[in-house]
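Please consider the structure shown here, with attention to its pocket and to the packing of its helices. The model is a predicted one.

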Amino acid sequence: MRSSGFVAASLVGVVVCGLAVPSAAAASAGATSHIAQALSARPSPAKGVRLTLPAPSGRYATGESSFRLVDDERTDPWVPGQPYRELMISVFYPSAHTGGRPFTHQFPPAVATAFGTAVEQSVELPAGLVNWAATTTHSVRDAVPAPGRFPVVLYSPGAGDPRDWNVSLAEDLASRGFVVVTVDHTGEAPAVQFPDGHVVGNEPLMTAWASAIENGTTPALLTKVMAARTADTELVLDRLTSLPTRLTRIMDVHRIGMFGQSGGGFTAAQAMYDDPRIKAGVNMDGTLEYTSEPDGTHLSEVALHGLDRPFLLMGNSSAADGSDVHHEPSWASFWRNQRGWKADVTLNDSVHASFTDAKPLLPQLAGRVPVEKLDAAVGKVDPHLAVAANRALVASFFNRFLKDCDDRLLDGGASPYPITFVR
């Protein structure tokens, strides 16, 4: 049985390698110390290895703008006593030119420290080996947008991951003519940093997870997590037209898609089920049920009823927890009930984290980290081929269903990529 692609990896102390469920004691210990350790003094990051994201492959340069969104009508589910819900989003978009201006950084400083520490603990890297704050994107902050109107695609990260943990894919879509909005689900990732400098961690949710493990109430907690995520998605959809005019004038809000990895893939599916504004969606290796070990006992509404719009499943191939419609119970249920277009594609020699920035970044540590440790973390598939396959599949899907431009990649014929279509 594959580990849940829903439960936050950082909630259980495993950010990169998938979602093993710990003992209640281990989870509780992480809940009380994780953020404090992450934000405490560490070896100077300036001495760490600088990792590099692959360049986008499309015709456009890309810009990035970030915004704080506030929902005054919803109390925060994870911050006790906070009568409002606040989110951070980043918007990656096609730019006419970037004029040699500096690129943005992948992570804000506090996120680089907290999430970087979590990744190091997960993969058992030496503390300070990587300078997580040094990685840059290929986007210029607030660059002049390219002329035209482009479909909008939302990205939801894996539960416990920051919105910045799939920048490579977001930038690539933007370079191909999409406006991509990445969403932080505040209170899940080890840190979310806001414009005024304040940082929100995930201690309350980690404590709740430890209690749920001990009391056998994980389905109820995971239902609450997903309800918060879908409400976050609704807030973002509602606020798209309230963003600055330089961005709203290039957004075609009648052509909206959504994709996500792990819990974000679940979020994309469930948000589509709840909100008809989302026309097409992609789930990269996320279960569709409310259990820590998917067994078909707590299926979501979208798994039980399917969708009437196009949806793409992208799964990993690991022997221990590979996901496809024949092995993942919630995917099998969704497949039977899906009424819109559907496809199930497996990335060969992959694992759960092969669909995140872990895949292009961590292999750069070869020679410093044992190869077997890297393979366990991000799979054996060649990182360049994996990145190219993920980009091609997601772009092909959204081109087909948001731009009416079909390259036939998803028809399932011969492919230059290491993928297998599941029938």
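Sorted by class, the residues that line the largest pocket comprise seven nonpolar, five polar and four charged. The lining consists of 16 residues, and those nearest the centre of the pocket are S66, H105, F107, P108 and R141. Two strands contribute to this lining: β1 (61-71) and β3 (103-105) each provide at least two of its residues. The space within the largest pocket amounts to about 300 Å³.

The discussion now turns to helix packing. Helix α4 (residues 203-215) packs against helix α5 (residues 218-239) at an angle of about 150°, and their axes lie 8 Å apart. Because angles over 145 degrees count as roughly antiparallel, α4 is roughly antiparallel to α5. On the α4 side, the contact involves L205, A208, W209, A212 and I213, which meet T218, L221, L222 and V225 of α5. This contact of α4 with α5 contains eight nonpolar residues, one polar residue and no charged residues.

The crossing of α3 past α12 is right-handed. From α3, the residues S168, L169, D172 and L173 meet V387, N390, R391, V394, A395 and F398 of α12. The contact of α3 with α12 divides into six nonpolar, two polar and two charged residues.

Conventions:
Residues numbered from 1 in each chain as written. Predicted model: local features only at pLDDT ≥ 70, side-chain atom pairs only at ≥ 80, totals over all residues. Heavy atoms only, no water. Left-handed = near helix turned anticlockwise from the far one by under 90°. Helix = DSSP H or I, 4+ residues; strand = E, 2+ residues; numbered from the N terminus. Contact = heavy atoms within 4.5 Å. Nonpolar A, V, L, I, M, F, W, Y, C, P; charged D, E, K, R; others polar. 1 Å grid on protein atoms, 1.4 Å probe; cavity = no way out; pocket = protein on both sides within 12 Å on 5 of 7 lines; lining within 4 Å. Points joined across faces, edges and corners; volume = space filled by probe spheres on them. Axes fitted to C-alpha atoms, helices over the stretch in contact; angles between N-to-C directions. Parallel < 35°, antiparallel > 145°, perpendicular 65-115°, else oblique.
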